[in-house]
Amino acid sequence: MGHIRVRPTDRMRVGGVSDVSVHGGGFGDLVFERAPIATILVDAGRIVAANEAARTLLGVPAEGLLDRRLLDFIGEPDRSSVRSRLRELEAGQVRPDRLAVELRVDHAVRPVDLHLAAHDSGVVLAQLVTHVATAAAELRAERAFRSTMLELQLLVHDSVDDREFYATLIQRAVEVIPGAQFGSILVRQPGTWRYEFEAAVGFDLDGLRRFPILGEELFRDDEDTRARVVTEYPPPENAAPERVRWWLEDLRLGELRASVTAPVHLDGEPVAIFSVDNLDDPDAFGPTSVEMATVLGRLITDLLRRRGLEAELRAERAAYRHQAMHDGLTGLANRRHFEQRLAEVLALSDPSGIGVFFVDVDDFKRINDEHGHDGGDEVLMELGRRLTGTVRSSDLVARWGGDEFVILTFGIEESQADALAERLVRRCAEPVPLTDGTVVRTGVTAGIAWSASPTVSDDLLLIADGALFRAKAEGKGCHDLVAL
């Protein structure tokens, strides 16, 4: 690169960084900028030009390097020797030198070979050559992070156990985030501002779960979505002694030196706190750690959003199933539901007495004529409620159609079935008040088929229907029971 010449008098920017020009023609500028080795020009200890490879290595944009000192990026143990060598080169010594130094980038230390040489007019050319082992380690770390992301993204879609997902997430986070030694995930409980620990690495999870953490007790604002480095952990004010002990012992906040915390939001609301911790170095975490924590924390959002969508889908399916198996007016089981349940009961090895009731509303045409269909609907809904309130919780009341109801009961003796029919008729004979203030006098007639053992469902329905027909022929507001 001897053809590159620096003219401090020109004072023009190169690569958006320097106020000193690099000359030798357009080709020379391009060679400097595109050189694969991180190359820096230093004037009086300050960076005046840096090529693309240097800016990438240092992790600082062009404008951020302007007038920064080269020593700002050198580890403390090596600064004295680098400072001395820079002064020698600036004073005119032309012997180049190579120093093995620690480069501090994003709070992380990287071993590099620093090549220094006098360049022009007191300007020193510095080249930073990363060790092959370091580059290989960085490549492995990048691959590990990508592999972790793939594993967790698949787990988001495939897992059925949220705690398994949280445990895997925090374990992988501690493995791949630079500086992470421990970690935990706090999840906000629905409808509250109380957070509880769902997973942890390096902590006693049972100990963590002894107390919840309230939103105001968090040592950072959960409304702020940005991941941040935290180095102070004050215990909650006016806390009980046992809670302070928990804060210091189980949460280990007396030992932590640094944490990266990433509040997780869903639809604008904080739902979780993702954290990784270090017990040794307050400078353990840099921008790379923060960025990784942010990305991994967002996987919790993906999981919770999926869980929300699944819950909506389940509710929607349940609503469709309910509509398919229930009467739209009364909310009772419909004919399909009744027949399905009857088949299930008859399939039992010992149902110990089965009763099928057909219940018909007396004079329902008159009710519709006098009070309209709305009044008739009110009567059907009220009678459905009375039938349901009279039978046992294990019995099934269904609307068969029109003004007919059916009831299925099992584990019942013949005498009990007869007594139940009498109570049903008596209860439904009570007047029905309508919303318009009028009162409807009505009643029901019932036919019952009772069997001591399983039989064919169609037989029971036909026999109950025949019993209803005979009861109505004898007079309304009564019942007839046939025992098989």
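Strand 3 (residues 38-43) and strand 4 (residues 46-50) run antiparallel and are joined by 4 bridges; strands here are DSSP E runs of at least two residues, helices are H or I runs of at least four, and both are numbered from the N terminus. Two strands count as paired if DSSP finds at least two bridges between them. This is a predicted model, in which local features need pLDDT of at least 70 and side-chain atom pairs count only at pLDDT 80 or more, while totals for chains, interfaces and linings use all residues. Residues are numbered from 1 along each chain as its sequence is written, and side-chain values use heavy atoms, with hydrogens and water left out.

Strands 3 and 4 form a hairpin with 2 residues between them, and Ala44 in the turn has a positive phi of about 55°. Across the pair, Val42 stands opposite Ile47 in strand 4. Strand 4 is mostly covered, with 4 of its 5 residues buried; buried means under 20% relative accessible area, exposed over 50%, and partly exposed in between, for a 1.4 Å probe and protein chains only. Leu65 is found in helix 3 (residues 62-65) and is buried, with a relative accessible area of 0%.

Val187 stands opposite Glu196 in strand 9. Contact means heavy atoms within 4.5 Å. Axes are lines fitted to C-alpha atoms, for helices over the stretch in contact, and angles run from 0 to 180 degrees between N-to-C directions.

Helix 8 (residues 241-249) has Arg243, Trp246 and Trp247 buried. Seen down the helix axis, the buried residues of helix 8 fall within an arc of 100°, so they line one face of the helix; the arc is that of the directions from the helix axis to the C-beta atoms. The face turned away from the buried side carries the exposed residues Pro241 and Glu249. The cover over the buried residues of helix 8 includes strand 9 (194-201), helix 7 (205-208) and strand 10 (213-214). Trp246 and Trp247 also form one aromatic cluster with Phe211.

Two arginines lie over aromatic faces: Arg188 over Trp193 at 3.7 Å from the ring centre, and Arg252 over Phe182 at 4.8 Å. For such a placement, NZ of Lys or CZ of Arg must be within 6 Å of the ring centre and within 35 degrees of the ring normal.

Another open sheet has 5 strands in the order 15-16-14-19-20, with mixed pairing. Its edge strands are strand 15 (396-401) and strand 20 (479-483), each pairing on one side only. Neighbouring strands of this sheet are turned by 20° against each other on average, direction ignored. Strand 14 (residues 354-361) and strand 19 (residues 444-451) run antiparallel and are joined by 8 bridges. Helix 12 (residues 414-428) lies across strand 14, strand 16 (404-410), strand 19 and strand 20, running at about 165° to strand 20.

Phe358 stands opposite Gly447 in strand 19. Gly447 counts as buried at 0% relative accessibility. Leaving out residues up to four places away in sequence, Gly447 touches Val356, Phe357, Phe358, Ala464, Ala467, Leu468 and Asp480.

The structure holds 6 aromatic pairs. The ring centres of Phe358 and Trp400 are 5.4 Å apart and their planes stand at 85°, so the pair is edge-to-face. Phe358 lies in strand 14 and Trp400 in strand 15, so the pair ties together parts that are 42 residues apart in sequence. Rings of Phe, Tyr and Trp (its six-membered ring) pair if their centres lie within 6.5 Å, and planes under 30 degrees apart count as stacked, over 60 as edge-to-face and the rest as tilted. Phe358 is buried at a relative accessible area of 4%, and Trp400 is buried at 14%.
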